[in-house]
Amino acid sequence: MSLGVIQTRSGRIVNVLNFKPEDVDLDDIACSLSRQARFNGHTTEFYSVAQHCVHASKVAEQLGYIKPVQQWALLHDAAEAYIGDIISPIKALFPRLEAVENRILYWVCVRVGLLPPHRNPHCLLVKMIDEELLAIEAAKFMTPAAWPNPPASRLDSGFTIDSGWDPERARLEFARRAVELGLTPGAKLGGVS
């Protein structure tokens, strides 16, 4: 395949350097994120990006934020379905990657009817939720030696995580949450009842 071209689980051929709205498929996003590990997999048990996104959406709901905040929280890492979950310390080494990620997020938002990130007033709230979850996740899934000083919680959501989900459960929970929130832009979101 050519530079920047991938094939998704649904069989779509996607050029991440020229991402288009018709490339967005919530089934592909749910599947891919459910199989990608947070913290680059360096955790005490498997914990997926999909589970993280579902939790972000649930924290937004628990804090009383409106539906668009919950939707954005669920999809804030959607670009990672196409470019992978590259941990922040490494992602910072590749500034061009941010532009690719932003383009993908732009089209994901347009496709599902959300304001794109650069115009979305909810991005800051979701960033705070993301940081809150980072603290909770680090405390739950990282060994103290690996992360001796996890970030402090700022929102005090009281949210807890019992355990990591297997990839199939993470895929189904992500898809179920997307349907609950009305995020079905022509996507199948299979396996959800």
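Reader: Hi! Why are E180 and R177 separated by about one helical turn?

Author: Because they are 3 residues apart in helix 8. Helices here are DSSP runs of H or I with at least four residues, strands are E runs of at least two, and both are numbered from the N terminus. This is a predicted model, where local features need pLDDT of at least 70, side-chain atom pairs count only at pLDDT 80 or more, and totals for chains, interfaces and linings use all residues. Residues are numbered from 1 along each chain as its sequence is written, and side-chain values use heavy atoms, leaving out hydrogens and water.

Reader: Thanks! How do the side chains of E180 and R177 meet?

Author: In a salt bridge, 2.8 Å from N to O. That term means a side-chain nitrogen of Lys or Arg within 4 Å of a carboxyl oxygen of Asp or Glu.

Reader: And is R177 buried or exposed?

Author: R177 is buried, at 3% relative accessibility, while E180 is partly exposed at 45%. Buried means under 20% relative accessible area, exposed over 50%, and partly exposed in between (1.4 Å probe, protein chains only).

Reader: New topic: how many salt bridges are there in the whole structure?

Author: The search finds 9. Among them, R12 pairs with D25, with the closest N and O atoms 2.9 Å apart.

Reader: Where do R12 and D25 sit?

Author: R12 is in the loop between strand 1 (5–7) and strand 2 (13–15), and D25 is in the loop between strand 2 and helix 1 (26–34). R12 is partly exposed at 30% relative accessibility, whereas D25 is buried at 2%.
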